[in-house]
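Q: I am new to this structure and would like a close look at a single part of it. Please pick out the places where the chains meet and walk me through them.

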Amino acid sequence: MASGVKPRVKAPKKAAAGETVTIKTLISHKMESGQRKDGDGNVIPRSIIHRFTCDFNGQNVIDVNMEAAISTNPYFQFEAMIPEAGDMVFTWYDDDGDVYSTTKSVAIG
Amino acid sequence: MEFSRRDTLVLGLGAAVATVLPLRAFAAADEAIATFTGGAEAGAGGITLTAPEIAENGNTVPIEVSAPGAVSIIVLAGGNPTPGVATFNFGPLAGDQSASTRIRLAGTQDVIAIAKMADGSFVKAASTVKVTIGGCGG
Amino acid sequence: MKIKALTAVAAILLSVPAFVAADEDAELIVNGDTELVTRTAAPAHLEGAMDEVLSGWRFRADETQSLQADDFDNPGMIFVDQGMDDWNKVEGSEGKSCASCHGDVEDGMAGVRAVYPKWNETAGEVRTIAQMVNECREDRMGAEKLGYTSAKMARMEALISVQSRGMPVDVAIDGPAAEMWEKGKEMFYTRTGQLELSCANCHEDNYGNNIRSDHLSQGQINGFPVYRLKNSKLTTPHGRFKGCVRDTRAETYKAGGEDFIALELYVASRGNGLSVEGVSVRN
């Protein structure tokens with residue numbers, strides 16, 4: 001497990017049915033690009049989050065393939081359409097096999 | 001500052017290498033574009049790429065891509081060691097076809113965005129970002 | 001011979017005009033409701049030296065400035081979250097967390113950052129927040145000290161700083177703190193290193209100009225700890241001082257040592273009146 005990885009998500013707690021809302025996500029992750037060398041001149045191997053998905057009640061909102069050029073502590077902002085009350089699930093996939101996830105509930109009101 | 005002969009030679013070689021590198025890098029970007037579009041031509045219009053004209057720091061450059069009606073948008077950095085940045089695939093519950101993120105740019109270069117539209121056509125936008133480096137880093 | 005050439009190089013570097021886009025009139029309002037003072041009249045002790053004090057925020061490009069306007073967009077705030085976890089975590093032989101004695105950080109640490117570094121009567125010396133954290137950990141929690149410029153200390157400082165956000169920096173420079181303050185002031189104005197630069201050469205004589213492609217600020221620390229885009233993590237004042245001194249090609253001082261504590265007190269006082277920014281974003 002990559003250490004110190006913490007997700008942070010900004011999503012509204014409530015929305016009108018059918019409303020489009022702004023979602024912001026951040027996750028603390030080094031995103032080791034594979035371009036750096038250590039003190040002895042050896043290449044530090046790549047170890048990044050390579051995929052991010054956002055799903056709402058099982059339907060996909062966005063699915064991002066990420067490369068090493070995404071900055072440390074990857075940040076995304078996008079729009080999601082909320083048809084009904086439900087759970088928004090955010091998932092990040094790490095090169096090392098770990099999967100980080102957080103869920104935000106959205107009510108209709 | 002006094003330069004030894006060795007220093008001057010190394011500096012000279014460094015400058016020569018720097019001139020050759022970008023040509024190779026842009027070739028890699030073209031390859032990535034061809035893979036995404038399957039060789040099809042990408043037209044202009046219908047896609048917006050927002051990036052700063054001068055990025056204060058190449059580590060964290062904010063960009064935004066938007067292409068109403070797109071299925072997916074690929075972002076490439078023509079002058080990076082590897083050109084791939086991200087591919088945004090929009091699902092059925094996407095509120096619109098736009099996304100913002102922060103990227104790493106190794107130096108001044110073109111950032112390229114290509115959108116695949118619902119009808120299978122492609123549109124492209126590019127933006128030159130000057131990346132400044134140097135100063136008292138601390 | 002060599003020294004003259006280096007001074008000439010330094011002079012050329014410092015004279016390149018600014019070109020990075022920075023909005024001179026922008027104001028910093030965080031989360032739409034907290035207005036931060038980033039520009040104000042210089043404190044009395046700077047009379048004759050500078051009329052106005054400016055937060056480092058004012059010297060950065062538009063995109064960097066806007067990162068600080070929203071606690072979600074601010075990449076440094078995720079470390080404040082982690083600091084909050086640390087605040088509530090029980091550590092050490094006494095089975096306590098910070099919260100056990102200090103309660104909620106919002107109450108326990110309100111206003112603290114704004115007045116540090118500060119004379120500590122019991123200890124008989126000027127103390128920094130980092131020193132106080134470590135004293136608590138060792139003496140009251142029975143836990144190990146944190147590295148003075150470590151990531152864990154930086155995020156604790158970040159958490160504590162946020163509790164003073166918007167409050168004016170107000171460090172005492174008189175009374176028992178006066179001696180350290182004078183020492184810090186002397187350091188600020190003393191040329192050092194192979195490049196023979198003092199803090200003042202850049203941060204008082206040349207703020208607003210460029211050093212190569214970097215936009216020189218006044219070197220204020222009201223925004224510390226700072227999320228630096230350069231290495232995508234938090235930097236503390238002593239961490240930054242170390243780098244600055246090393247960049248003059250001098251042997252740098254020890255983080256947490258008396259020299260940097262004196263310098264931190266003096267530099268903090270140069271920003272008296274500016275708002276604590278509680279995790280700033282800089283280059």
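A: **Where chain A meets its neighbours**

Let's start with chain A and chain C: 7 residue pairs are in polar contact between them, both residues at pLDDT 80 or more. A polar contact here is a pair of N or O atoms within 3.5 Å; within protein, one must be able to donate a hydrogen and the other to accept it, and residues adjacent in sequence count only if both atoms are side-chain atoms. This is a predicted model, in which local features need pLDDT of at least 70 and side-chain atom pairs count only at pLDDT 80 or more, while totals for chains, interfaces and linings use all residues. Residues are numbered from 1 along each chain as its sequence is written, chains are lettered from A and ligands numbered from 1 in the order in which they are written, and side-chain values use heavy atoms, leaving out hydrogens and water.

The contact (heavy atoms within 4.5 Å) involves 13 residues from chain A and 13 residues from chain C. About 1200 Å² is buried between chain A and chain C, with 54% of that area given by carbon and sulfur atoms. Lys6(A), Arg8(A) and Asn73(A) together supply 52% of what chain A buries against chain C, more than any other three residues. Buried area is the accessible area (1.4 Å probe) that two parts lose on being put together, summed over both.

There are also 4 salt bridges across this interface, each a side-chain nitrogen of Lys or Arg within 4 Å of a carboxyl oxygen of Asp or Glu. In one of them, Lys10(A) meets Asp70(C) at 3.4 Å, N to O. On the side of chain A that touches chain C, β1 (7–10) and β3 (19–27) of chain A each supply at least two residues, and the largest share, 4 residues, comes from β3(A). Strands (E, at least two residues) are DSSP runs, numbered from the N terminus. This side has 4 nonpolar, 5 polar and 4 charged residues.

Now turn to chain B. The contact between chain A and chain B takes 29 residues from chain A and 25 residues from chain B. Here the buried area is about 2100 Å², of which carbon and sulfur atoms give 51%. Ala69(A), Ser71(A) and Tyr75(A) supply 25% of the area that chain A buries against chain B, more than any other three residues. Across this interface there are 0 salt bridges, and 17 residue pairs are in polar contact, both at pLDDT 80 or more. β3, β5 (59–66) and β6 (75–82) of chain A each give at least two residues to the side that touches chain B; β5(A) gives the most, with 8 residues.

A sheet also runs from chain A into chain B. Its 6 strands form an open sheet in the order β1(A)-β3(A)-β6(A)-β7(B)-β4(B)-β2(B), with antiparallel pairing. Two strands pair if DSSP finds at least two bridges between them. At the edges, β1 of chain A and β2 (48–50) of chain B each pair on one side only. Where do the chains join? β6(A) and β7(B) run antiparallel and are joined by 4 bridges. There, Phe76(A) stands opposite Thr101(B). Within chain B, β4 (residues 61–66) pairs with β7 (residues 94–103) over 6 bridges, again in the antiparallel sense. Thr101(B) is the bridge partner of Ile63(B) in this pairing.

How values were computed. Ala, Val, Leu, Ile, Met, Phe, Trp, Tyr, Cys and Pro count as nonpolar, Asp, Glu, Lys and Arg as charged, and the others, Gly among them, as polar.
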